Amino acid sequence: MKVIIRKNSAEGSLWAAHYIADRIKEKAARSADPFVLGLCTGSTPIETYAELIRMVKAGEISFKNVVSFNMDEYVGLPKTHPESYWSFMHKYLFDHIDEPAENIHILNGNAPDLNAECEAYEKAIAAAGGFDLFLGGIGEDGHIAFNEPFSSLNSHTRVVTLTEDTRIVNSRFFNNDMNQVPAQALSVGVATVTGAREVVILAFGPKKAKAVHDAVEGPVSHMCTVSALQLHEFGTIVCDDAAASGLQESSRAYFAAVEAAEKR
Ligand code: PGA
């Protein structure tokens, strides 16, 4: 695992956006196959998406041959509800880039058969060639996608029940009323994320410090599902100073040294 630490979220987001752009360009240079990208919602990726949008508008990168799959969606929230992840992704990314509409995949939390929807999603990911890169956030409780504590580290896309903690955290988008936050969601599993050839996780702000500590320095445990990244060959966590503040000084020094050595 690598940990990239930047002064603030703006710098961390620039790092992540340029990294993703480089990976897309690198694949385009060697293959006509689409770049298969996993995407997340939440406050955390907004600055990364803004930089990707800037790069598309400046002609520095194109999403024409990118196929994306979002990691989760609430159950029962109308697709066009302002807090649906469908709305979020269009507002903060898809409406501003050149990714073809047919390449965009978001779980349908209103599907008549939710289990069939989840199974079809896994099949579509496999049919697209599997993820080249999965971009994720991290919950205060260490969740990756909506894989709450005690989710199987071998899980795949399925219906999940949100913890009260997550509904309270997300109630800031629902008039601060946790009862308005859907109790269930469709979510890719931990194994769906770690099945990606590469995983990049963003974590900004002091509220993420414990989850980052648990993910990087704690045991691999379903108590902190993002800790499954420790078993991945190409996992990176991008933090700001605040989110990295729970790491030991020696860990921070090690990750900085690795980054410096790779730049040489
Ligand atoms: P946030 O959510 O980006 O809004 O902090 C992250 C998450 O819950 O995974």
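Residues are numbered from 1 along each chain as its sequence is written, and side-chain values use heavy atoms, with hydrogens and water left out. Since this is a prediction, local features need pLDDT of at least 70 and side-chain atom pairs count only at pLDDT 80 or more, while totals for chains, interfaces and linings use all residues.

**View 1. Helix H8 and its buried face.** H8 covers residues 249–263 (helices are DSSP runs of H or I with at least four residues, strands are E runs of at least two, both numbered from the N terminus). Ser-251, Phe-255 and Glu-259 are buried here (under 20% relative accessible area; exposed is over 50%, partly exposed in between, with a 1.4 Å probe and protein chains only). Looking down the axis of H8, the buried residues sit within an arc of 70 degrees, so they line one face (the arc uses directions from the helix axis to the C-beta atoms). Glu-249 and Tyr-254 are exposed on the face turned away.

**View 2. What the buried side of H8 packs against.** Its partners are strand S1 (2–6), helix H1 (9–30) and helix H7 (209–217).

**View 3. Thr-48 at the H1–H2 contact.** The axes of H1 and H2 (residues 46–57) come within 8 Å and cross at roughly 50 degrees. Thr-48 belongs to H2 and is buried, at a relative accessible area of 0%. Leaving out residues up to four places away in sequence, Thr-48 touches Ser-13, Ala-16, Ala-17, Ile-20 and Leu-202 (contact means heavy atoms within 4.5 Å).

Conventions
Expected span 1.5 Å × (residues − 1). Axes fitted to C-alpha atoms, helices over the stretch in contact; angles between N-to-C directions.
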